[in-house]
Amino acid sequence: MPPINISKLYTVDRYITEQEDLHPEATGEFTSLLRDLMFAIRIISRDVRRAGLNDILGLTESTNIHGEMVRRLDVYANEVIYRAMNHSGHLCAMISEENDELIQIPSKYKRGKYILAFDPLDGSSNIDVNITIGTIFSLYQKIDINNTNEPTLEDILQPGYRQKAAGYVLYGSSTILVYTTGNGVNVFTYDPTIGEFLLTYENLKIPKKGRYYSCNEGNYFKWDDRVRQYINYIKTPGIDSDKPYTMRYIATAVGDIHRTLHYGGIYMYPAEKNLPNGKLRLLYEVNPLAMIIENAGGKATDGKNRILDIVPNNLHQTTPIFMGSPENIDELMLFLENKHPYQLMNKITD
Ligand code: MN
Ligand code: MN
């Protein structure tokens with residue numbers, strides 16, 4: 001008989017309640033918010049799992065069997081999160097990739113002090129081909145939490161270090177939840193038969209260094225010379241003991257980050273000649289992922305600044321991004337600062 005595993009079984013709900021109990025100032029609002037969000041996630045997970053069946057069930061035309069227009073799954077996921085969260089009583093606004101404007105809380109519902117920013121489905125171009133997609137979220141508070149007026153622009157556009165919690169869900173071979181409240185990173189795996197997320201890793205740490213790099217290398221010729229020099233360097237066999245690195249890229253940012261979190265290495269979406277601010281969105285993609293990576297012991301930079309220090313100036317602004325294991329980011333930074341021995345030796349600094 002196998003030995004009995006004595007580690008505690010935790011649902012995400014119970015885990016967060018216990019964590020909150022450790023902080024006497026906690027009000028239970030966060031537990032309640034996360035519970036609502038996980039309800040939305042369970043619905044989205046179910047529908048992501050059924051996405052491929054829409055063809056054989058005749059739901060791919062413009063109308064379904066009820067005569068309703070069939071919505072794209074990312075638009076649908078957006079609605080599910082909105083409808084689960086708008087009456088929580090704890091939010092004063094939401095920001096979504098799918099909404100151009102700030103999402104207001106309807107006046108008939110109580111307004112709270114939290115702001116929720118989210119990407120309802122990340123990697124949505126991968127939906128139709130059954131590749132991992134995800135949901136990303138970030139929670140922060142109004143600057144003056146006792147002010148019950150509508151949030152100001154200053155409340156909404158806060159730097160990422162002010163996030164109270166951040167996380168993502170991956171709809172992969174399992175559905176998993178990864179989140180942090182600033183005290184380490186915890187991972188939960190969804191058991192659909194009981195409808196619960198169960199604790200799988202507590203305080204997950206990223207390896208100090210990894211031999212993987214992850215980027216859309218098809219954009220190589222649009223990148224800055226120093227980024228290209230770095231990529232050339234990490235691909236050159238024998239240039240030092242751990243090169244060449246191995247490339248992995250699935251183009252669902254949250255999936256690429258999740259692999260990087262476990263195996264180490266570097267993920268990047270640099271600026272391009274025609275995209276000087278990169279492609280990924282600061283408020284609901286990059287900031288939450290950066291908070292996770294930092295809480296796991298990694299680093300996240302736009303090439304000059306720590307991601308979490310950037311003060312946003314609009315809801316949907318983008319930023320170049322490099323994140324991953326601390327030693328990989330340090331190696332990259334030497335290149336970006338024209339200080340790497342490889343550049344100096346080959347006199348290729350610019
Ligand atoms: Mn996205
Ligand atoms: Mn999306």
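Author: We can start with the helices: α5 passes α8 in a right-handed crossing. Right-handed means that the near helix is turned clockwise from the far one by less than a right angle, and helices are DSSP runs (H or I, at least four residues; strands are E, at least two) numbered from the N terminus.

Reader: Before that, what are the ground rules for this model?
Author: The model is predicted, so local features need pLDDT of at least 70 and side-chain atom pairs count only at pLDDT 80 or more, whereas totals for chains, interfaces and linings use all residues. Residues are numbered from 1 along each chain as its sequence is written, chains are lettered from A and ligands numbered from 1 in the order in which they are written, and side-chain values use heavy atoms, with hydrogens and water left out.

Reader: At what angle do the axes of α5 and α8 cross?
Author: The axes of α5 (residues 225-235) and α8 (residues 326-336) cross at roughly 130° and come within 8 Å. Axes are lines fitted to C-alpha atoms over the stretch in contact, with angles from 0 to 180 degrees between N-to-C directions. That makes α5 oblique to α8, a term for angles that are not under 35 degrees (roughly parallel), over 145 (roughly antiparallel) or 65 to 115 (roughly perpendicular).

Reader: Which residues in α5 and α8 meet?
Author: From α5, R226, V227, Q229, Y230, Y233 and I234 meet N328, E331, L332, F335 and L336 of α8, contact being heavy atoms within 4.5 Å.

Reader: Now the metals. What coordinates the manganese ion (ligand 1)?
Author: D119 (OD), D122 (OD) and E285 (OE) coordinate the manganese ion (ligand 1) at 1.9 to 2.2 Å. Donors are N, O and S atoms within 2.8 Å of the metal (3.2 Å for Na, K and Ca); water is not among the atoms, so sites may look incomplete.

Reader: Where do D122 and E285 lie?
Author: D122 lies in strand β3 and E285 in helix α7 (residues 282-295), so the pair ties together parts that are 163 residues apart in sequence.

Reader: Is E97 buried or partly exposed?
Author: E97 counts as partly exposed because its relative accessibility is 27%, whereas D119, at 0%, counts as buried.

Methods. Buried < 20%, exposed > 50% of the residue type's maximum accessible area, 1.4 Å probe, protein only.
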